[in-house]
Amino acid sequence: MKVLIATEKPFAAVAVEGIRKEIENAGFELALLEKYTEKAQLLDAVKDANALIIRSDKVDAEVLDAAKELKIVVRAGAGYDNVDLEAATAHGVCVMNTPGQNSNAVAELVFGLLVFGVRNFFNGKAGTELKGKKLGILAFGNVGRNVARVAAGFGMDIYAYDAFCPKDVIEAAGVHAVDSQDALFETCDVVSLHIPATPETKKSINKALVGKMKKGGIVVNTARKEVVNEEELLELMAERQDIKYLTDIMPDAHEQFVAQFGDRYFSTPKKMGAQTAEANINAGIAAAKQIVAYFLEGCERFRVNK
Ligand code: 3PG
């Protein structure tokens, strides 16, 4: 049984070693394709792989066509919008994610971005504090819950909206549950995005919504660039000189954001929310264990396609 790790953005070496142990202890073989620059390299590497561990690497119909022996793909992480689920099902390939395994890392980065943002990107000028500010968490999943936990330490007043999570679950975490996205943006000084990229959420963070924020509103995005309507955010930030946008996923219009709003806009050069040794170990080893359990016990827990 051959398991391929294909990661354009590699795991920490210690995580790869942990994955190797899991795979080899099960009597399987591990292959590694890291930092690849061409899709052709991936197409070649998947040819004889029975299982595939990926991160944000794209697995589309072409990759699945090339992977003649493939039975399972595990996205070591939460969002699986990079995998063509329909094509995987059509190819008889099981797709899983590893929910929750990297969520603390992403949540911690939210506060890294926020402190950097409210202290004017460390330019020496007086900024503001997070204590006492209203934080809105958009979607109360694994990352959102960790954000709430850390925000409590900062002394923030915490709000959340989640279309799929019952209000009492949100309230039980000491968080005010609001009735709508609109209410979250109207109420909060800072909104942190934790929604997946789906047909419903794509471009949903638009001018009308962000425009509801009070003076000095900050949007922090550690989710997906696709959920933001970039054209409309550019328009809004030109009209509202007080809005800040902090993101871990570089927008397509990055150059324009920098040129127009350099003092109110920041993007990490490469998505790094989940880029910690701990998150890599947690997600990578979970992926390896899920693959072993799939082959040895037929376990399909965390399967995300039909
Ligand atoms: C996720 O969906 O798990 C995060 O966005 C992390 O993605 P990454 O593995 O590409 O860093």
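These entries record what I looked up in a predicted model.

I worked with a predicted model, in which local features need pLDDT of at least 70, side-chain atom pairs count only at pLDDT 80 or more, and totals for chains, interfaces and linings use all residues. Residues are numbered from 1 along each chain as its sequence is written, and side-chain values use heavy atoms, with hydrogens and water left out.

**Sheet.** I looked up an open sheet of 7 strands and found the order β8-β7-β6-β9-β10-β11-β12 with parallel pairing; strands pair if DSSP finds at least two bridges between them, and the elements are DSSP runs numbered from the N terminus, helices being H or I of at least four residues and strands E of at least two. The edges are β8 (176-177) and β12 (265-267), each of which has a single partner strand, so one side of each is left without a neighbour in the sheet. For β8 I noted 2 bridges to the parallel strand β7 (residues 157-161), and I found H176 of β8 to be the bridge partner of Y159.

**V228.** I placed V228 in the loop between β10 (218-221) and α10 (230-239). V228 counts as buried because its relative accessibility is 4%, where buried means under 20% relative accessible area, exposed over 50% and partly exposed in between, with a 1.4 Å probe and protein chains only. Not counting residues up to four places away in sequence, V228 touches L193, K203, I205, N221, L233 and Y245 (contact means heavy atoms within 4.5 Å).

**N97.** I found N97 in strand β5 (residues 94-97), and at 8% relative accessibility N97 counts as buried. A polar atom of the N97 side chain lies 3.0 Å from the backbone oxygen of A78. Residues in contact with N97, leaving aside neighbours within four places in sequence, include A78, Y80, Q290 and F302.

**Largest pocket.** I noted about 1,000 Å³ of space in the largest pocket, the volume being the space filled by probe spheres set on grid points joined across faces, edges and corners. A pocket here is an open set of points on a 1 Å grid over the protein atoms alone, where a 1.4 Å probe fits, with protein on both sides within 12 Å along at least five of seven lines, and lining residues have an atom within 4 Å of a point. The lining holds 43 residues, of which A78, G79, Y80, P196 and R224 lie nearest the centre. I recorded α5 (103-118), α6 (142-153) and α12 (277-297) as the elements that give two or more residues to this lining, and α6 gives the most, with 4 residues.

Methods
Polar contact = N/O pair within 3.5 Å; in protein donor to acceptor, adjacent residues only side chain to side chain.
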